[in-house]
Amino acid sequence: MLKKTKTREKVMHLLEVTSTPISANEIYEVLSNDGITLSSIYRTLDCFCKNELVIKETNPQGVAIYTLKQEEHSHILECKECHNKTKLDYCPYHKANENIKNKHNFFADEENIVIYGTCKDCMKNKKS
């Protein structure tokens, strides 16, 4: 059981209400007015990762992003142009996981994937 602190409670709440991966700097932008330092946010996120409450990934820019670990996995589409994020309401990897299980005798039990590309609006702007 983790000790409750103001920083941990605020970071956890923000992760709970954020449906897409978020960086430490983005968390800081929201919580800095509460007197929470960036170093406290990093320590909190590190603690959450070690206690398997949060999943840490890296976006294409090399920035660490964090999501709350959930029972049900999720997949995010993120536009590399405008950084708009869309959470998929289905798993596009069920068939791939079945193939991995059959071919490699490996049972994937967790996946949280961000798929990077270009959204329809940014594609339209590029063509203009």
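I took helices (H or I, at least four residues) and strands (E, at least two) as DSSP runs, numbered from the N terminus. On that basis I count five helices and six strands in the protein.

**Ground rules.** The model is predicted, so I kept local features to pLDDT of at least 70 and side-chain atom pairs to pLDDT 80 or more, while totals for chains, interfaces and linings use all residues. Residues are numbered from 1 along each chain as its sequence is written, and side-chain values use heavy atoms, without hydrogens and water.

**Overall.** I read the order along the sequence as α-β-α-α-β-β-β-β-α-β-α. I boxed the C-alpha atoms along the principal axes and got roughly 50 × 45 × 25 Å. I then looked up burial, with buried meaning under 20% relative accessible area, exposed over 50%, and partly exposed in between (1.4 Å probe, protein chains only). Of the 128 residues in the protein, 30% are buried. Next came contacts, meaning heavy atoms within 4.5 Å. Among contacts with a separation of 6 or more, 53% link residues 24 or more positions apart.

**Core.** I defined a nonpolar core as buried Ala, Val, Leu, Ile, Met, Phe, Trp, Tyr and Cys residues joined through side-chain atoms within 4.5 Å. The largest one holds 15 residues, and V11, L15, I27, I41 and L45 touch the most other members. At least two residues come from each of α1 (6-17), α2 (24-31), α3 (38-50) and β3 (64-68). The largest share, four residues, is from α1. I checked I27 separately. Beyond four places in sequence, I27 touches V11, L14, L15, I22, I41 and L45. Nonpolar side chains tend to be buried together in soluble globular proteins.

**Helix α1.** I compared its length with the expected span, 1.5 Å times one less than the number of residues. With twelve residues, α1 reaches 17 Å from first C-alpha to last, close to the 16 Å expected. I list T7, V11, M12, L14 and L15 as its buried residues. On the face turned away I found E16 and V17, both exposed.

**R8.** This residue also sits in α1. I find R8 partly exposed, at 22% relative accessible area. Outside four places in sequence, R8 contacts L2, K3, T44, C47 and F48. A polar atom of the R8 side chain lies 2.8 Å from the backbone oxygen of K3.

**Strand β4.** I looked up residues 75-79. Four of the five are buried, so β4 is largely enclosed by the rest of the structure. I called two strands paired if DSSP finds at least two bridges between them. β4 runs parallel to β6 (residues 113-117), with five bridges. E78 stands opposite Y116 there. β4 is antiparallel to β5 (residues 85-87), with three bridges. L77 has T86 as its bridge partner in β5. Five residues lie between the strands of the β4 and β5 hairpin, where I noted H83 with a positive phi near 65 degrees.

Terms used. Polar contact = N/O pair within 3.5 Å; in protein donor to acceptor, adjacent residues only side chain to side chain.
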